[in-house]
Amino acid sequence: MPAEQKKYEYLDHTADAKFLAYGKTLEEAFGNAALAMSNVMIDTSTVSNTLSHYIDLTAEDLEGLLFDWLSEFLFLMDAENLIFGDFKVHSIKQEGGQFHLNATVYGEHIDPSRHMFDTEVKAATYNDIQVQPSADGWVLQAIVDI
């Protein structure tokens with residue numbers, strides 16, 4: 001199946017969840033990476049995207065930005081009891097030798113009666129993390145510790 005037809009796919013990995021995320025733009029690929037990680041934990045179609053949260057991140061490289069992006073959702077889930085199902089990355093720009101990401105994400109407070117968690121994601125990892133341009137846009141690879 002061509003990369004432009006899918007948002008993400010899971011890859012075999014022994015103890016963790018490994019996935020590729022695709023996008024015609026870098027912003028779309030980052031949004032799909034967050035969607036892939038969220039779907040490791042929960043069926044995101046059960047999330048009512050009634051709350052919005054603005055995210056502004058800075059990192060030295062794109063791999064670090066991807067790590068920070070995925071880690072942000074795990075922090076918000078633990079600290080504020082939030083789960084997200086829609087991810088709109090407005091921009092990823094390189095300025096002053098660093099990469100800046102601005103996004104609005106949509107979700108809600110976790111409701112155990114509606115949100116059935118399949119797997120707990122403990123952390124994003126730097127292990128085998130990749131951000132690469134492709135013929136169809138961008139491909140991101142990430143592994144999360146479960």
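**Chat: strands, sheet and helices**

User: Hi! How many bridges join S3 to strand S5 (residues 98–109)?

Analyst: Nine, and the two strands run antiparallel. Strands here are DSSP runs of E with at least two residues, and helices are runs of H or I with at least four, numbered from the N terminus. Two strands pair if DSSP finds at least two bridges between them. This is a predicted model, where local features need pLDDT of at least 70, side-chain atom pairs count only at pLDDT 80 or more, and totals for chains, interfaces and linings use all residues. Residues are numbered from 1 along each chain as its sequence is written, and side-chain values use heavy atoms, leaving out hydrogens and water.

User: Got it. Which residue in S5 stands opposite histidine 53?

Analyst: That's valine 105.

User: And what is the strand order in that open sheet?

Analyst: S3-S5-S4, with antiparallel pairing. Strand S3 (51–59) and strand S4 (82–95) are the edges, each pairing on one side only. From one strand to the next, the twist averages 20° (axes are lines fitted to C-alpha atoms, for helices over the stretch in contact; angles run from 0 to 180 degrees between N-to-C directions).

User: Which strands does helix H1 touch?

Analyst: Helix H1 (residues 26–41) packs on the sheet, touching S4 and S5 (heavy atoms within 4.5 Å), and its direction makes about 150° with that of S4.

User: Switching to S2: why is it largely enclosed?

Analyst: Because eight of the eight residues of strand S2 (residues 16–23) are buried, meaning under 20% relative accessible area with a 1.4 Å probe, protein chains only.

User: What does alanine 21 pair with in S8?

Analyst: Leucine 140 is its bridge partner there.

Conventions
Buried means under 20% relative accessible area, exposed over 50%, partly exposed in between (1.4 Å probe, protein chains only).
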